[in-house]
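Here is a short briefing on one structure. Look at the sequence and the model, then read the points below.

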Amino acid sequence: MNYLQSLYEFVFAWLGAINTWIFEHQPLVISVVVPLLTLFVTQRAGKFTEQSAARGKLIERRLQSEMRIAEFRQVWINSLREALIVIVENHAKPMRTVNEDYPVVMGHIARIELMMNPLDPDYNALKALLKRLRAGDSSVVPGELIAVSQAILQREWDRLKRDLANVEEAEQP
C-alpha cells in the first residue's frame, strides 16, 4: 500500500509542478501550445476531409458506371425490340421468294442472334424460331416469336429497373 501511496503522491506533486509552471509561463504556453494544437486539429480535419472526398468520388464513379450500364441496357432492349418488330412485320411476306425486305430481315435475325446471351433461359427457344424463319419455314407463328421475345424483354426490363433502383438507393445520404 505504501508503494501506491508513494506513486500517488509523486504523480500529484508532478501534476502540481506542471500546473505551476504553466501558470507562471502562460504567455509562452499560449504562443507555443495553441498553434501546435491548432496544427494538429487542422491536420486531422484535413485528413478526414480528404478521406471523405475520396469516398465521395468513388461512390460517384460507381454511380456513373451503373448509370452508363443502365443506358447501354436500355439501348440494347430498344434495339432488340426494333429488330423483332421488323421480323414480325415482314413475317407474312414469303422469305425465300424475291423480296426486297429479305436482306433486311436476315440482317435483323443475325443481329438478334448476336445480341442474345446464350445463358438466357429463352435463348434456345428464340434461336430455334429464328433458325426456322431463316430457313423460310412459314409455319412459324408470329405469336410464338412475340411470346418468347416478351419474356426476354420483360426479364431485361426488370433487371434495368433493379439496376436503377440500386443507383437511387446509393444516391440517398
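**Asparagine 78 and the helix pairs**

Asparagine 78 sits in helix H2. Keep in mind that this is a predicted model.

**Asparagine 78**
- Asparagine 78 has a relative accessibility of 33%, so it counts as partly exposed. Partly exposed lies between buried, under 20%, and exposed, over 50%.
- Its side chain makes a polar contact with the side chain of arginine 81, at 3.2 Å.
- Asparagine 78 and leucine 153 are 75 residues apart along the chain, and their C-alpha atoms are separated by 9.2 Å.

**Helices H1 and H2**
- Helix H1 covers residues 2-24 and helix H2 covers residues 26-89.
- Their axes come within 5 Å and cross at roughly 90°. H1 and H2 are therefore roughly perpendicular to each other.
- From H1, Trp21, Ile22, Phe23 and Glu24 meet Gln26, Leu28 and Val29 of H2.
- By class, this contact has five nonpolar residues, one polar and one charged.

**Helices H3 and H4**
- Helix H3 spans residues 102-115, and helix H4 spans residues 123-134.
- The two axes come within 11 Å and cross at roughly 160°. An angle over 145 degrees counts as roughly antiparallel, so H3 and H4 are roughly antiparallel to each other.
- The crossing of H3 and H4 is left-handed.
- H3 brings Met106, Ile109, Ala110, Ile112 and Glu113 to the contact. H4 brings Leu126, Lys127, Leu130, Leu133 and Arg134.
- Seven residues of the contact of H3 with H4 are nonpolar, three are charged and none is polar.

Notes. Residues are numbered from 1 along each chain as its sequence is written. This is a predicted model: local features need pLDDT of at least 70, side-chain atom pairs count only at pLDDT 80 or more; totals for chains, interfaces and linings use all residues. Side-chain values use heavy atoms; hydrogens and water are left out. Axes are lines fitted to C-alpha atoms, for helices over the stretch in contact, and angles run from 0 to 180 degrees between N-to-C directions. Helices (H or I, at least four residues) and strands (E, at least two) are DSSP runs, numbered from the N terminus. Angles under 35 degrees count as roughly parallel, over 145 as roughly antiparallel, 65 to 115 as roughly perpendicular and the rest as oblique. A crossing is left-handed if the near helix is turned anticlockwise from the far one by less than a right angle, and right-handed if clockwise. Contact means heavy atoms within 4.5 Å. Ala, Val, Leu, Ile, Met, Phe, Trp, Tyr, Cys and Pro count as nonpolar, Asp, Glu, Lys and Arg as charged, and the others, Gly among them, as polar. Buried means under 20% relative accessible area, exposed over 50%, partly exposed in between (1.4 Å probe, protein chains only). A polar contact is a pair of N or O atoms within 3.5 Å; within protein, one must be able to donate a hydrogen and the other to accept it, and residues adjacent in sequence count only if both atoms are side-chain atoms.
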